[in-house]
Structure formats: structure tokens, C-alpha cells
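Please look over the sequence and the structure below before reading on. The report that follows takes up a few side-chain contacts one at a time.

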Amino acid sequence: SHSFRNEIYDQYKANRPDPPEDLVPQFPLIRDATRAFSLACIEEEGLEADDIIASYARAATRRGWDVTIVSSDKDLMQLVGRCAEPDDGVEGGCIDMLDTMKNQRIDIPEVEEKFGVGPELVGDVLALMGDSVDNIPGIYGVGPKTATKLIQEHGSLEAALDAAEEMRKSKLRERLIEGREMAMLSRVLVTLKEDAPLPTPIEDF
């Protein structure tokens with residue numbers, strides 16, 4: 001499906017194979033099954049499921065609701081621990097996740113264990129390491145361990161890229177300098193849209 005990310009980077013998800021033939025006829029059945037369980041079935045042109053989930057989750061926290069996202073998707077881990085802002089004037093309203101495959105709650109400590117950084121820096125790590133599944137470029141030759149180490153040491157993507165000039169001559173230094181633009185682009189691609197209009201009012205759930 002085409003999303004706003006393809007407008008930014010035309011190679012986004014370009015390497016994804018077509019869905020298996022026998023899966024395609026199941027899509028309408030999934031929609032029917034979802035509605036049969038009285039669950040909202042929401043699809044929005046130009047947005048991915050993660051963006052819709054993020055926008056509803058944040059809208060719910062602003063009402064003071066606690067939200068559990070049932071998923072193990074690493075992109076959604078950027079939302080873990082996010083709570084209502086003080087000026088929302090509500091108590092509580094925080095987000096965690098539930099990985100049903102492992103029957104495990106994912107809260108801030110679990111995200112830190114997986115990425116070596118807190119949820120607010122997960123996007124910075126992803127922007128450096130890229131993601132072959134979504135065809136997010138990242139920086140060539142920078143894997144998860146190096147990405148984590150750079151963000152831990154420098155505190156943010158931009159700070160890590162800025163520090164490259166001062167690094168001793170190395171392959172990594174060259175890659176960070178040459179790949180700066182791709183990393184900044186990747187940061188935009190991995191950022192979830194949290195303010196999309198809600199096609200179904202939250203009260204109707």
C-alpha cells in the first residue's frame with residue numbers, strides 16, 4: 001500500500017514481495033471477522049496501521065486512558081512509556097505493549113533491554129541501522145550494535161552525526177559523514193504519525 005512515506009522516499013518498502021496468492025482473498029474475510037467481534041476495522045488512505053495505532057493511542061492517553069498495544073512491532077516501541085502531557089489536564093494515560101507470542105508485557109525496561117536506549121531514542125537507533133524489511137536505508141554498514149553504541153554515547157542521532165567529524169579516521173567515520181542525509185531521511189521514515197485524524201470517533205469503540 002502507498003503511504004506518505006513513499007512521497008518522501010520512493011524506494012520505501014520497494015523490496016517487499018507481493019502477498020502470497022492465497023492470502024489476498026483473506027483480506028475481506030479479516031475485515032468481516034473483525035467487525036463480527038464488534039471491533040473497529042479502520043483503514044485510511046496514505047497511512048500505515050502503525051500510524052493509525054499511534055494516533056488512537058495518543059488520543060486515548062490525552063483522555064487519561066491507559067493503552068496497551070497488542071503487538072511486538074519494534075517501530076511501535078517508540079510509543080512505550082508515552083503518557084498524557086501535563087497540559088492535557090488528566091491523570092494517568094500511559095502506553096505499554098503486549099507481545100502475545102511471548103505473553104510478555106513490554107514497558108520501558110523491556111525496550112531498553114532490546115535497544116539499549118529508552119523508547120524516545122528507538123527511532124534514532126532505527127535511523128542509523130536501517131530496516132531491510134521496510135527498505136529504510138539507514139547508514140550502510142552500521143548494524144544494531146554500532147547504532148545503539150553511537151546513540152548511547154552521543155544522546156541523539158544528530159549529535160552522533162555531528163560528532164563524526166571529530167572521530168579518528170575510520171570506516172565508521174566515513175560512513176557517518178557520507179550517510180548523514182540518508183540517516184536523517186530514515187529518521188523521518190521511522191517516525192510514527194501521532195496526529196492523524198481519527199476516522200472512527202474514539203467514543204464509538
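Is C83 buried, partly exposed or exposed, and what is its relative accessible area? C83 is partly exposed, with a relative accessible area of 28%, where buried means under 20%, exposed means over 50% and partly exposed lies in between, judged with a 1.4 Å probe and protein chains only.

This is a predicted model, in which local features need pLDDT of at least 70 and side-chain atom pairs count only at pLDDT 80 or more, while totals for chains, interfaces and linings use all residues. Residues are numbered from 1 along each chain as its sequence is written, and side-chain values use heavy atoms, with hydrogens and water left out.

**The disulfide**

C83 is joined to C94 by a disulfide with an S to S distance of 2.0 Å, a disulfide being a pair of cysteine sulfur atoms within 2.5 Å. The torsion about the S-S bond of C83 and C94 is about 110°, so this disulfide is right-handed. Both C83 and C94 lie in the loop between β1 (67–70) and β2 (95–99), so the pair ties together parts that are 11 residues apart in sequence; strands (E, at least two residues) and helices (H or I, at least four) are DSSP runs numbered from the N terminus.

**The aromatic pair**

The count of aromatic pairs comes to 1, under a rule that pairs rings of Phe, Tyr and Trp (its six-membered ring) if their centres lie within 6.5 Å, and that calls planes under 30 degrees apart stacked, over 60 edge-to-face and the rest tilted. The rings of Y56 and F205 have centres 5.1 Å apart and planes at 35°, so the pair is tilted. Y56 belongs to helix α3 (residues 49–61) and F205 to the segment after α9 (180–190), so the pair ties together parts that are 149 residues apart in sequence.

The table lists the accessibility of several residues.

| Residue | Relative accessible area | Class |
|---|---|---|
| Y56 | 8% | buried |
| F205 | 54% | exposed |
| C94 | 28% | partly exposed |
| C41 | 24% | partly exposed |
| I30 | 45% | partly exposed |

**Charges over rings**

A charge sits over a ring if NZ of Lys or CZ of Arg is within 6 Å of the ring centre and within 35 degrees of the ring normal. K114 lies over the face of F115, at 5.8 Å from the ring centre, and the charged end of K193 sits over the ring of F4, 5.9 Å from its centre.
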